Amino acid sequence: MSAEPVTLAILGASGDLTHRLLLPGLGTLLRAHPGLQVDLVGAAYDDLGEDAWRERVGEALVDGGCRSEQARALASTTRFRQLDVTDAEAMRAFLAELDGAGHAIVLYFALPPAVTQRAIGVLQGLDVPPGLRLAIEKPFGTGLHSAQELNDLLTSVVPEQQIFRVDHYLGKATVLNLLGLRFGNRIFEPVWNAVNIERVEIIADEALALEGRAGYYDGAGALKDMIQSHLLLVTALFALEEPASMDELELRDLIVHALRAMHLWEDDPTQSRRARYTEGQIDGRTVPDYTSEEGVDPDRKTETLAEVTVEIRNSRWAGVPFRLRSGKALGSGFRGIVVKFRPVAHLPSGFRNEAAPNMMVIGIAPETIALGIATNGEGSRWDFEQTTLSANLSESPVRPYGEILDGILSGDPLLSVRGDATEELWRILDPVFEAWSDGRVPLDEYTAGSYGPTAWN
Ligand code: NDP
């Protein structure tokens, strides 16, 4: 947590991200760290008006769990500025005003990606305040080439250490628990390899359908929205080599190290799968066919369920499939990691059945952990049965956006995505995007509320 006061300027203050995730996340952070000194400034293209902004801030902070007197205090001092971030003169004046307070400055780009890119282009031509931090939202480019261009642009404005690319999955307590679980327990790290692990599944399914987000989602789809960013990063965190210390240089080096070794299974993009939901029932309510949802263009062939398998080609993981899957309108809302261990190398004779291989399930939301072990069957000494040891992990009081903001406000990029990582993420999946746009992978269908296309099972 930063002890120094910081000016946090949210560009795109009237948008969905600010309202739904960023301000409530800040609320949880303020509740956990009441001493945090944030000078909050909101800016957007249209003039929201200072009173309306202050009201929004107060409500959203309380929504995040911030105590009402603390929320009121911040809401009473926050300012709103009408600003076109693509106008160089307006940006110069805005930065000069922020700099006047003498605090470290964070510009949080909660803007449409194309507008963010133009705004960074504007900053390139300005004298930016020393130490200026830039917080950038996903998507980071639209492919490897555009990610490289965006990174070149960003680093022409400020050094990499002052760039915070946000992926809120890195702020999820359970995702970070992967590191504690593995390196804090004698029993896990020695078996965290291809000798002992047969396959890994990293899943982010949800029962929610489009929920009015066609404007964004129909242009993205499950592969770009979830797998290209969040799930590949979770895979890297799962698989990385042991860090010497939990600092940003070490951890982010090792994330990129794992990503560099990651490739599509058999280098074949056509082994990926995609599907789109048709009308069905979820929790007793009818979910319409995806293509009939308002704002959806059926000709885009946007997938609502995607699956890709990758391999990490190093001596720890070669030959282990990591299957990544994410979708909407599914019968299961499971989000988490399933680790299937190999069977034991040898069973003494006399046991009457095979011991089921160990399984570990790490739930990301809700936060759970379960370990399936073989035990002697009840009342039957030489028959195995499976016993599950399970626990619910306590929910972190700080929401993922709060964790991410904590790093940004204190100037620690540990939980932010480094530029070279964003390029690797595209490098791994660009061939899949190409194969899909060339029609080399069929777009299957599944009934909303099912577990996916029946042929996939
Ligand atoms: P919205 O469309 O809801 O909001 C966009 C904001 O940008 C508005 O405040 C708008 O102001 C402002 N804006 C647009 N053009 C300008 C300009 N020239 N100058 C100043 N302000 C401008 O977008 P979201 O909040 O949904 O998304 C923002 C970013 O966050 C995107 O990069 C998105 O990919 C990312 N993101 C969003 C998530 C979400 O759940 N919403 C989740 C994860 C990432 P005005 O209204 O006045 O035009």
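Okay, some ground rules. The model is predicted, so to speak: local features need pLDDT of at least 70, side-chain atom pairs count only at pLDDT 80 or more, and totals for chains, interfaces and linings use all residues. Residues are numbered from 1 along each chain as its sequence is written, and side-chain values use heavy atoms, with hydrogens and water left out.

Let's start with the whole thing. The protein has 12 helices and 18 strands; these are DSSP runs, H or I of at least four residues for helices and E of at least two for strands, numbered from the N terminus. Its radius of gyration is 24 Å, close to the 23 Å that the globule rule gives for 457 residues, so the protein is as compact as a globular protein of that length. That radius is taken over C-alpha atoms, and the rule is 2.2 Å times the number of residues to the power 0.38. Along the principal axes, the C-alpha trace spans about 80 × 50 × 45 Å.

How much of the protein is buried? Of the 457 residues, 52% are, where buried means under 20% relative accessible area, exposed means over 50%, and partly exposed is in between, using a 1.4 Å probe and protein chains only. Now contacts, meaning heavy atoms within 4.5 Å. Take those between residues at least 6 apart in sequence: 77% of them join residues at least 24 apart.

Next, have a look at strand S4, residues 104–109. Five of its six residues are buried, so S4 is largely enclosed by the rest of the structure. Which strands does S4 pair with? On pairing, the rule is that DSSP finds at least two bridges between the two strands. Strand S1, residues 6–11, runs parallel to S4 and is joined to it by six bridges, with Thr7 opposite Ile105. Strand S5, residues 133–137, also pairs with S4 in the parallel sense, over four bridges, and there Leu107 has Leu134 as its bridge partner.

Over to helix H7, residues 173–183. Its buried residues include Thr174, Val175, Leu178 and Leu181. A reminder here: an α-helix has 3.6 residues a turn, so residues three or four places apart point the same way.

Most residues other than glycine have a negative phi, and most peptide bonds are trans. Now for the exceptions in this model. A cis peptide bond joins Lys138 and Pro139, with omega about 0 degrees, and Pro139 sits in the loop between S5 and helix H6 (144–157). The bond from Ala365 to Pro366 is cis too, omega near 0 degrees; Pro366 is in the loop between S15 and S16.

Then there's positive phi. Glu211 has a phi near 50 degrees. You'll find Glu211 in the loop between strand S7 (197–205) and helix H8 (214–217), partly exposed at 45% relative accessible area. Asp283 also has a phi near 50 degrees. Asp283 lies in the loop between strands S10 (280–282) and S11 (285–287), and is exposed, with a relative accessible area of 76%.

That's the tour, thanks.
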